[in-house]
Amino acid sequence: MINMNLRKLTLQAYLEALPALVLSSLGGIIAGLILGSMTNELQSIPGLLVLIPALLAIRGNVYGSLGARISTGLHQGFIEPRISFSDQRVNAAVIASFLNALFAAAIGATFAYFLLTLSAEPVVPLQILLSIALIAGILSGTVLITAVISVIFTAYRNGLNPDTIVGPLVATIGDIFGLSFLLIAVRIIMGGG
Amino acid sequence: MLPILAALTSLEIAMGLVLSSFQSTLFYYPSLLILVPVIIGTAGSLGSTLSARLSTAFHLGLLEFRYDNHHLIGNILSTIALSITIFPLIGIATWAIATWAFEPILSPFQILSITTLSGLLISIFTVIVALVTTYGSYRLKLDPDDVVIPIVTNLSDVFGIFVFLAIVLLLL
């Protein structure tokens with residue numbers, strides 16, 4: 001009887017988590033394919049590879065928490081599931097998360113630059129690393145904010161719990177857009193590469 | 001939010017430095033470069049799922065730190081089972097994609113052992129960190145929702161990359 005209960009709980013936890021995990025791994029593999037085809041850019045811009053884990057993690061931390069915040073607001077009835085630019089609560093959360101992400105990207109680029117300089121490793125000038133990180137952050141932030149808000153509102157209006165969707169959504173599309181826009185930012189800064 | 005974000009970003013930069021010290025290996029085997037975001041993402045997802053479930057069980061009063069608590073043991077077992085399921089699949093998919101997109105330098109067996117072994121160690125680490133952090137936030141009377149998920153997600157993906165690189169070093 002006791003083991004039956006444990007087996008049931010384990011199986012339930014397993015089955016509930018599996019689809020989202022498969023989806024986010026697929027997203028990761030697509031992101032990996034983009035990273036794998038960036039070897040030229042990574043080799044010609046020393047310091048870029050150091051930034052990649054930070055740039056990917058920032059999106060999860062910042063926009064995952066934006067999603068959780070909006071979804072909690074919906075559940076509590078403070079936020080209406082409609083896209084309108086007059087909702088102060090949503091506007092404040094969106095602007096704060098966007099600025100947080102850019103701040104973290106700037107910190108990351110600066111930190112990477114100084115650590116590499118201190119350890120006498122090759123690194124591109126600080127303004128190049130900063131510009132790439134900020135342009136990628138602005139582009140992917142815009143897309144992620146739009147995606148997170150529209151998916152949460154659509155899910156909520158259709159009776160789904162946004163809490164179970166936000167995490168995997170950010171994990172899946174965050175890395176793909178993050179790395180694609182990083183590639184675009186590199187092309188913009190390095191002039192067509 | 002800002003100080004935590006700055007601390008987490010510095011942690012990720014430290015990981016980036018370790019990653020870039022392997023750059024010649026990573027550039028030589030593009031399939032390993034494919035695995036970098038996958039390992040980071042999957043380790044983080046595994047960690048955030050487990051912590052979200054532990055937090056909910058904790059809020060509902062179902063979680064006790066006892067070896068016969070089914071919510072505790074069930075969530076630990078499901079995390080390990082999930083990792084044993086997903087990481088070999090990642091290995092096969094990565095091998096297939098790498099063979100299509102790049103030179104097939106690594107054998108399917110090499111990729112499969114790298115992902116499976118990394119996955120197993122990552123899930124064990126994730127379980128330990130999630131339990132310690134959930135227990136700590138319970139003792140310190142902090143809301144596990146605010147504390148556990150960011151800590152576990154970031155530590156799991158940093159550890160994920162360390163384990164991945166260590167196994168690459170060991171097997172290649």
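## Helix packing between the chains

In this predicted model, helix α3 (residues 48-76) of chain A packs against helix α1 (residues 2-20) of chain B at an angle of about 145°, and their axes are 7 Å apart. The crossing of α3(A) and α1(B) is right-handed.

On the α3(A) side, the residues in contact are A:L49, A:V50, A:L51, A:I52, A:P53, A:A54, A:A57, A:I58 and A:N61. They meet B:L5, B:L8, B:T9, B:E12, B:I13, B:M15, B:G16, B:L17, B:L19 and B:S20 in α1(B). Sorted by class, the contact of α3(A) with α1(B) has 14 nonpolar, 4 polar and 1 charged residues.

## The contact as a whole

The contact between the two chains takes 46 residues from chain A and 52 residues from chain B. On the side of chain B that touches chain A, the elements giving two or more residues are α1, α2 (23-28), α3 (30-59), α4 (70-101) and α6 (144-171) of chain B. By class, this side of chain B has 30 nonpolar, 19 polar and 3 charged residues.

## Fold of chain B

Chain B has 6 helices and 0 strands, and its pattern along the sequence is α-α-α-α-α-α. The radius of gyration of chain B is 17 Å, close to the 16 Å that the globule rule gives for 172 residues, so chain B is as compact as a globular protein of that length. The C-alpha trace of chain B spans about 55 × 35 × 25 Å along its principal axes.

Of the 172 residues of chain B, 52% count as buried. Among contacts in chain B between residues at least 6 apart in sequence, those that join residues at least 24 apart make up 78%.

## Packing of α4 and α5 in chain B

Within chain B, α4(B) packs with helix α5 (residues 108-139) at an angle of about 155°, and the axes of these helices are 8 Å apart. Angles over 145 degrees count as roughly antiparallel, so α4(B) is roughly antiparallel to α5(B).

The crossing in which α4(B) passes α5(B) is right-handed. The residues of the contact of α4(B) with α5(B) divide into 16 nonpolar, 10 polar and no charged.

Definitions and conventions: Residues numbered from 1 in each chain as written. Chains lettered and ligands numbered in written order. Predicted model: local features only at pLDDT ≥ 70, side-chain atom pairs only at ≥ 80, totals over all residues. Axes fitted to C-alpha atoms, helices over the stretch in contact; angles between N-to-C directions. Helix = DSSP H or I, 4+ residues; strand = E, 2+ residues; numbered from the N terminus. Left-handed = near helix turned anticlockwise from the far one by under 90°. Contact = placed C-beta atoms within 7 Å. Nonpolar A, V, L, I, M, F, W, Y, C, P; charged D, E, K, R; others polar. Rg over C-alpha atoms; globule rule 2.2 N^0.38 Å. Buried ≥ 20, exposed ≤ 12 C-beta atoms within 10 Å, placed from the backbone. Parallel < 35°, antiparallel > 145°, perpendicular 65-115°, else oblique.
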